[in-house]
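Hello,

Here is the structure I promised to pass on to you. Please have a look at it first, and then read on for what turned up.

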Amino acid sequence: MIKWTLQKKWTYSAALSIFLSFLMMCIILYFSIFSWMLMSEKKVAQNTLNEVVSFFESQGPVISVQDIQRNRTLINQLVNQEQSVRILNEDGIELLRINDASPFKEFSASTIEEFKKDEVKGQPIYLKSAQLDFGLFKGYIEISHSLANFKELMQYIKLAMIIFALIALILSAFIGYSLSAFLLKPIKELRDEMQLAKDTRFSKEVNFEKISNDEIGELMKIYKELMNEVNETISRQDEFIHNVSHELRTPIQVVEGHLALLNRWGKEEREVLDESLDISLLEVQKMKTLIEEMLKLAKNERTIQEARTSVFLVVKELEQKFQVLSPEASIVYQGSESIVVNMPNTTLEQILRNLIENAIKYNEKKPSIIIEAKEESDQTVIIVSDNGVGITEESLPRIFDRFYTADEARTKTKGGSGLGLSIVQRLVGAYKGNIQVQSNSNGSNFLLFFPKFTSE
């Protein structure tokens, strides 16, 4: 099957439809002109016949053959150049012929009441005869009206219509091609954008030159919205992968540390074996919860759960973990042990763990982290302070951007990915909180503000 483009189909369809419409009009017009002109020819012939008969009648009640022949000149004036008239006696013998321009058939005594279209010697004619009775003369009068000029004129009209039809075909094809090129331009642009999206794996933003206010424009708008959703979904997927890989490092390191401990001494000591297995199972369960939380965050489906989480207990749990991961670090909790926040303990642990990891990672001294919790009139404030290298003033506005790192050289040596603070900000925002940063060369303070927990 021949593969035709939409533009080619449109061009041929437009050309064929316009050509057939024009051809139909030409056919109707041709036959209308044909009938009208044929009727006009018949009317001219009938008028001539009536005038000749009236002339004879005006000559008196009695007219002879000699009278008819004497009036030949006057009769000639009544007959035009395309007609011939002849007078015959009762025996059908021709007595007089006027203007021998159109041929006659062999005479028959049966009169022709109406004009009859016929052909004599290859020439089309209108033929009619009538009886004459003028006293002493009785006979017939016959008229032959030539249709040669009529036939020639109709052939010219037919040829002109054929030429015009061919011109209409060419012109309609050109107009159809030009019009289809203009109207199909948005569709071609849409096709190119789709191909580009396929080639770039949806990484390039959809950008149309112009969107019209019609059905094609609506299609382009829908495609643009769809591609924006696809890009957003892919971005969330990539973000989820990066976030999970970042957040799973600590639990995996804890499990790895305990497995290494079991490999050294846990085989013989039952107490070490039980403790390491319990901690490892707990970390695996936390990893499972962590993945679910990250998945909700990536899909923007995080639901606020009523959870009474003790800040003190989460800090103490983190302190134990970092004793294994970073024994040199000092983590101190300050504040009331009864302070709680309204979020799952895994979420609060993620937030604080990322801040503690950064405090340890970007520190040239012995890391000292102070986590202070306090309640104000309508909010709970958690302050994480460290004695690290601090954050420069120009970097502060961008520290929560994904993959942004304030010091590229230090990041390469420390292995940072630039995701920790981005995750912290999203988690804090998901639970209607707010985060602020104060930093100088002596360290940084991260202030976390959460709505005060209520049981309602």
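Before anything else, one term: two residues are in contact when heavy atoms lie within 4.5 Å. Please also keep in mind that this is a predicted model.

With that term in hand, let me start with helix α4. It runs over residues 148-183, 36 residues in total. From the first C-alpha to the last it reaches 51 Å, close to the 52 Å expected at 1.5 Å a residue. Its buried residues are Phe-150, Met-154, Ile-157, Met-161, Ala-165, Ala-168, Ser-172, Gly-176 and Ser-180.

Next, the aromatic rings. A search through the whole structure gives 6 aromatic pairs. One of them joins Phe-34 and Phe-150: the ring centres are 5.2 Å apart and the planes stand at 55°, so this pair is tilted. The pair links distant parts of the chain, with Phe-34 in helix α1 and Phe-150 in helix α4, 116 residues apart.

Phe-312 is buried at 16% relative accessible area, and Tyr-333 counts as buried at 13%.

Now to the nonpolar cores. The largest has 37 residues, and the members that touch the most others are Val-311, Ile-351, Leu-352, Ile-382 and Leu-448. At least two residues each come from α9, β7, α10 (345-361), β9 (368-375), β10 (379-385), α12 (420-430) and β12 (443-451). The largest share, 7 residues, is supplied by α10. To see how one member is surrounded, take Ile-382: leaving aside neighbours within four places in sequence, its contacts include Val-311, Leu-348, Leu-352, Ile-371, Leu-448 and Phe-450. Apart from this core lies another, of 26 residues, among them Phe-55, Ile-141, Ile-143 and Phe-150.

For the overall picture, the protein has 12 helices and 12 strands. Of its 456 residues, 40% count as buried. Among contacts between residues at least 6 apart in sequence, 64% join residues at least 24 apart. The accessible surface comes to about 27000 Å², and 55% of that belongs to carbon and sulfur atoms.

Finally, a word on confidence. The mean pLDDT is 78, and 78% of the residues reach 70 or more. Over residues 408-418 the pLDDT is below 50, although this stretch has 18 contacts in the model beyond near neighbours in sequence. Where pLDDT is low, the predicted coordinates should not be read in detail.

Best wishes

Terms used
Residues numbered from 1 in each chain as written. Predicted model: local features only at pLDDT ≥ 70, side-chain atom pairs only at ≥ 80, totals over all residues. Heavy atoms only, no water. Helix = DSSP H or I, 4+ residues; strand = E, 2+ residues; numbered from the N terminus. Expected span 1.5 Å × (residues − 1). Buried < 20%, exposed > 50% of the residue type's maximum accessible area, 1.4 Å probe, protein only. Phe/Tyr/Trp six-rings, centres within 6.5 Å; stacked < 30°, edge-to-face > 60°. pLDDT = per-residue confidence, 0-100. Core = buried A, V, L, I, M, F, W, Y, C linked by side-chain atoms within 4.5 Å. Areas by Shrake-Rupley, 256 points an atom, 1.4 Å probe, with all protein chains shown as cover.
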